[in-house]
Amino acid sequence: MKPALLVLAAGMGSRYGGLKQLDSVGPNGETIMDYSVFDAIRGGFGRAVFVIRKDFEDDFRRKVLARYERHIAVETVFQSLDRLPAGFVCPPERTKPWGTNHAVMAGRDAIREPFAVINADDFYGRDSFAVMGKELEGLDAGENAYCMVGFRVGNTLSESGPVARGVCEVDGGGRLLSVVERTAIERVDGRICFRDERGETVYLDDNTPVSMNMWGFTPGYFDFSEAFFREFLRTELNNPKSEYFIPLMVNELAATGRTTVRVLDTASKWFGVTYREDRPGVEAKIRALIRAGEYPERLFGGDTQ
């Protein structure tokens, strides 16, 4: 069974000021998400499921999904603030989404096979989808063996300023022990570093694996997520800023030994528009990849707009 791709896109409307203003980075209006779907098809994925908000479903189907439908099976599912387990009610003052793992949970009824999770607005690169697709194709849907693409931190920095990354601790067998979010990671005098909780400078090797939210799961992950979300809500329901992130769930599973998470290495260079100033650089990098033969001039056989 070919794996599925779960694309977290529920924040697109708010971040981009509406779907009409989806940032194009390719020569014919392609968005970063277009390149991800194109790479997923080449990586052996059989379906793409998009987590969106219900209020922009019509626009999303007409302006986004129409590009892909002749190339891969597509489906939409919805993330909403009031999608909570029985016994919990969303506080009226809550306006912030419940986080990335809450978005993943929206895919439960649509996904029956091993699946990858990505952000809609991150460029992951062809090799990362090939590596992930191969790993997921070898998994049985009933297993609780997961994986993530560990990007080399030196391949994920912004030229416009410091970034936040999930720095991974990995054992000798390539299994994930923990993911810790670190902020203000940057290259200073040729070395990558950040400051820890005590304000001390910590240096990272360029090849240190970091999470860019590219995960591989099997359907059993939904059961773990639903159970742990209940525990999360018991303490965080009334905290308007609390979010149920994927690394929070994965760290819990790894720490309690209920699953293993294999860290997959990739030579792909991640990039995205962390800062406004990043966009020209992203466009230039994509043009370079097209010149190198990594991508055709036009994705999906025509203009994306």
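This report describes aromatic pairs, charges over rings and salt bridges in a predicted model.

## Basis of the model

Because the model is predicted, local features need pLDDT of at least 70 and side-chain atom pairs count only at pLDDT 80 or more, while totals for chains, interfaces and linings use all residues. Residues are numbered from 1 along each chain as its sequence is written, and side-chain values use heavy atoms, with hydrogens and water left out.

## Aromatic pairs

Across the whole structure, a search finds 24 aromatic pairs. Rings of Phe, Tyr and Trp (its six-membered ring) pair if their centres lie within 6.5 Å; planes under 30 degrees apart count as stacked, over 60 as edge-to-face and the rest as tilted. One of the pairs is tilted and consists of Tyr124 and Phe151, with 5.9 Å centre to centre and 45° between the planes. This pair links distant parts of the chain, its residues being 27 residues apart: Tyr124 belongs to the loop between strand S5 (122-123) and helix H5 (126-137), and Phe151 to strand S6 (residues 145-152). Helices (H or I, at least four residues) and strands (E, at least two) are DSSP runs, numbered from the N terminus. Tyr124 counts as buried because its relative accessibility is 0%, and Phe151 is buried with a relative accessible area of 0%. For these classes, buried means under 20% relative accessible area, exposed over 50% and partly exposed in between (1.4 Å probe, protein chains only).

Phe229 and Phe232 form a stacked aromatic pair, with centres 6.1 Å apart and 20° between the planes. Both residues lie in helix H6 (residues 220-236), where they are 3 residues apart, about one turn of the helix. Phe229 and Phe232 are both buried.

## Aromatic cluster and charges over rings

One aromatic cluster is formed by Tyr35, Phe38, Phe50, Phe56, Phe60, Tyr68, Phe123, Phe271, Tyr295 and Phe300.

Arginine side chains also meet aromatic rings. A charge sits over a ring if NZ of Lys or CZ of Arg is within 6 Å of the ring centre and within 35 degrees of the ring normal. The charged end of Arg94 is placed over the ring of Trp98, 3.8 Å from its centre. Arg191 lies over the face of Tyr203, at 3.8 Å from the ring centre.

## Salt bridges

Side chains of opposite charge can pair when their charged atoms come close. The structure holds 23 salt bridges, a salt bridge being a side-chain nitrogen of Lys or Arg within 4 Å of a carboxyl oxygen of Asp or Glu. Lys54 bridges to Glu57, and their closest N and O atoms are 2.8 Å apart. Lys54 counts as exposed at 51% relative accessibility, whereas Glu57 is buried at 13%.

Within helix H3 (residues 57-68), Lys63 and Asp59 are 4 residues apart, so about one helical turn separates them. Their side chains meet in a salt bridge (3.8 Å, N to O). Lys63 is partly exposed at 24% relative accessibility, and Asp59 is partly exposed at 27%.

Glu231 and Arg234 both lie in helix H6, 3 residues apart, about one turn of the helix. Their side chains form a salt bridge (2.5 Å, N to O). Glu231 is partly exposed at 44% relative accessibility, and Arg234 is exposed with a relative accessible area of 53%. Salt bridges that share partners also join Arg83, Arg108, Asp223 and Glu226 into one network.
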